Amino acid sequence: MQNPFDQELQDRLVRYAAIDSQSDETAPASPSTACQFDMLHLLRDELVEMGAQDVELTDYGVVLATIPGTAPGPTVGFLAHVDTAPQFNASGVKPRVISGYNGGDITFPDDPALVLSPAEHPYLAEKIGHDLITASGTTLLGADDKAGVAIVMTMARHLLNNPDIARGPIRVAFTPDEEIGRGVSERLPADLRADFAYTLDGGQVGEIEYESFSADRAVVTVTGVSIHPGWAKEKMVNAIHLASKIVQTLPQATMTPETTDGRDGFIHATDMEGGSSEMVIKFILRDFERDGLAAKGELLRQVCAAVQAAEPRAAIKCEIYPQYRNMRYWLEKDMTPVELARAAAEAEGVAPISVPIRGGTDGSRLTEMGVPTPNVFTGMQCIHGPLEWISVQDMATATRTCVTLAQMAAKG
Ligand SMILES: [Zn+2]
């Protein structure tokens, strides 16, 4: 460990990862789970202790704080989310540090069958000599996004301790429920009080992302005609058959998550439930472009209309709701926040990489709501599963990039 940030980042991530803060999309509350307050209260207290100003925990579950500026310049926000993904066991995380990784297969104490191999994960093969953090085999690690939290906290502590570093005011925000798409309250853009911001929620070193999916969700409700099956001849209309027909008519060999990558979007059937009298099918629609997203919605409507036309006694309803939009639409009008992050990475010897995110971040919504917010790397890998790992030195590179970014933003 040579970099002064390494030990602090390692200690913070190990400490934060052990705290259960999984979100739950089925829970209506905000934050969705009470356990997220364990993280939020801790971060609020630690920010107060390190001397941050305006520290508050809002009633919508976001910790906000100011690191006062030492030079004139725009106010820059740094965000990370405290929740961990609901897709995998995230309770009782036991973080484990592998000091000076030797380049071999990594095994896990709580699941001997599990192997993290550099042969299958080329990025791991680049990390020989690094200090790695993993979980113990039965849970995810939660580096998504506690690595982001650790990086923002370490940067905040460093800037507070070093007022000689010339930079403008910094706003820090820790959000709940990012993993279930509910991290950005209507009030956050105004409360953040930042000219532009960054989410620390990216993967490999160098990632500076300013394109996300544009996203809608759709709910198709199929209402059949219900009648006793013994007297059903020429009367019953079975909603299950019609719902199946809709799913069967939609593209399957193309335009699904499992058959697309890069810049191609998809229609994804996520849920189907009900019975012969009524069926509800849920979809998510994704595309990088507005036109492409609208076309996918139109295709779904046309399929529903065709099945409806063939069976007029049924009622088929297709409702489409907007979720978030590609942040590029706003960022491309003024690329300054993106260019600053790229320049900061380059100043730290890192080649910036900008690939479109096949998903959304808190920054997608924030950008749409008026706070331009690209996404910056943390180093996190194999997220949302038991193989999740991160290099402490990658986190340190992210932290140095943020400190440099804050200085460059003040210089303009
Ligand atoms: Zn995340």
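User: Which residue stands opposite alanine 215 in β13?

Analyst: A quick word on the source: this is a predicted model, where local features need pLDDT of at least 70 and side-chain atom pairs count only at pLDDT 80 or more, while totals for chains, interfaces and linings use all residues. Residues are numbered from 1 along each chain as its sequence is written, and side-chain values use heavy atoms, with hydrogens and water left out. On to the strands: they are DSSP runs (E, at least two residues), numbered from the N terminus, and two of them pair if DSSP finds at least two bridges between them. Here alanine 215 faces arginine 286 in β13. Strand β11 (residues 214-223) and strand β13 (residues 278-287) run antiparallel, joined by 10 bridges.

User: Which residue stands opposite valine 222 in β14?

Analyst: That's isoleucine 316. β11 pairs with strand β14 (residues 315-324) over nine bridges, again in the antiparallel sense.

User: How many of the 10 residues of β11 are buried?

Analyst: Buried means under 20% relative accessible area, exposed over 50%, and partly exposed in between (1.4 Å probe, protein chains only). In β11, eight of the 10 residues are buried, leaving the strand mostly covered.

User: How many aromatic pairs does the structure hold, and how do I read one?

Analyst: You describe a pair of aromatic rings by the distance of the centres and the angle of the planes. Rings of Phe, Tyr and Trp (its six-membered ring) pair if their centres lie within 6.5 Å; planes under 30 degrees apart are stacked, over 60 edge-to-face, and the rest tilted. There are six pairs here. One of them, tyrosine 329 with tryptophan 330, is edge-to-face, at 6.2 Å centre to centre with 80° between the planes. Tyrosine 329 is buried at 11% relative accessibility, whereas tryptophan 330 is partly exposed at 25%.

How values were computed
Helices (H or I, at least four residues) and strands (E, at least two) are DSSP runs, numbered from the N terminus.
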